[in-house]
Amino acid sequence: MSIKVAPSILSADYVNLQRDVELVEKAGAEYLHIDVMDGLFVPSISYGAGWVKALKPVTNMVLDVHLMVQNPERYVDEFADAGADIIGVHYEATPHIHRALQMINNKGVKAEVVINPGTSVDLIKPILHMVGQVLVMTVNPGFGGQKFLPETVAKIQQLNDLKAELGLDYDIEIDGGVNNETVKAAYKAGATVAVAGSYLYDKVDPAAKVAALKDATN
Ligand SMILES: O=C(CO)[C@H](O)[C@H](O)COP(=O)(O)O
Ligand SMILES: [Co+2]
């Protein structure tokens, strides 16, 4: 089975957002990745729960919300109520990662923990049983268009091994610098979902790029 594709709207044309969303959905993308940035955890400010609410009725894709926000537990209810299907919180963004994941699970939303390139998988072992998805950042968070960091592949492999060892069933998502070449090693190591922003949207034909990611992981 090929990798699930999660286009990041960070690189889409905001004035023609519905068009760009429909393009990738028709091409077979399963998730829509929504990057929320607060100007504190990461330098930029992007968009909030209002965008999730607006996108909910125009797509059947899984709304995959990546909170790059300090103390994300402050916003869990708001994003869940807006229609998020998955809410991801950074291990590095809160001293209360367990509580944040509890809150997401209590809302009936799939909980995701996110780790930066400098964060070890060992640190999230105690909470892996609480998540439906782990997001391994393959760049440092905050910006689209960066280069994939190959040293993150070992962490994907470790998470895949742990899944079997602990008898758990989470998806492993990768985010940052993903294209039809970099996706290959990550898929081989166990990645099941690939976020792609600039690769899909910066140049021509996002639909062909969705197909290329699937072909590269077939
Ligand atoms: O979380 C993110 C940035 O922090 C984005 O999802 C990611 O950067 C996607 O962009 P690209 O595919 O261009 O690297
Ligand atoms: Co992201």
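Phe143 is partly exposed, because 16 other C-beta atoms lie within 10 Å; a residue is called buried at 20 or more such atoms within 10 Å of its own C-beta atom, exposed at 12 or fewer, and partly exposed in between, with C-beta atoms placed from the backbone. The structure is a predicted model, in which local features need pLDDT of at least 70, side-chain atom pairs count only at pLDDT 80 or more, and totals for chains, interfaces and linings use all residues. Residues are numbered from 1 along each chain as its sequence is written, and chains are lettered from A and ligands numbered from 1 in the order in which they are written.

Phe143 is placed in the loop between β6 (133–137) and α5 (153–166); helices (H or I, at least four residues) and strands (E, at least two) are DSSP runs numbered from the N terminus. Gly145 belongs to the loop between β6 and α5 and is partly exposed, since 13 other C-beta atoms lie within 10 Å. Both Phe143 and Gly145 are listed by UniProt under "binding site" (unreviewed entry), along with Ser8, His66, Gly142, Gly144, Asp175, Gly176, Gly177, Gly197 and Ser198. UniProt positions follow the numbering used here, with shortened feature names, and annotations may be inferred rather than shown by experiment.

Ligand 1 is surrounded by 23 residues, of which Ser8, Pro141, Gly144, Gly197 and Ser198 are the closest; a residue counts as near the ligand if its C-beta atom, placed from the backbone, lies within 6 Å of it. At least two residues of this shell come from each of β2 (31–37), β3 (62–68), β8 (193–196) and α7 (198–201). The shell comprises 9 nonpolar, 12 polar and 2 charged residues, where Ala, Val, Leu, Ile, Met, Phe, Trp, Tyr, Cys and Pro are nonpolar, Asp, Glu, Lys and Arg are charged, and the others, Gly among them, are polar.

The feature "active site" (unreviewed entry) is assigned by UniProt to Asp35 and Asp175. These positions are spread over 141 residues of sequence but cluster in space, with a largest C-alpha distance of 10.5 Å. Asp35 lies in strand β2 and counts as buried because it has 25 C-beta neighbours inside 10 Å. Leaving out residues up to four places away in sequence, Asp35 is in contact with Ser8, Leu10, Ser46, His66 and Met68, contact being defined as C-beta atoms, placed from the backbone, within 7 Å. Asp175 is found in strand β7 (residues 171–175) and is buried, as 25 other C-beta atoms lie within 10 Å. With residues up to four places away in sequence again not counted, Asp175 touches His66, Leu135, Met137, Thr138 and Val195.

Terms used: Contact = placed C-beta atoms within 7 Å.
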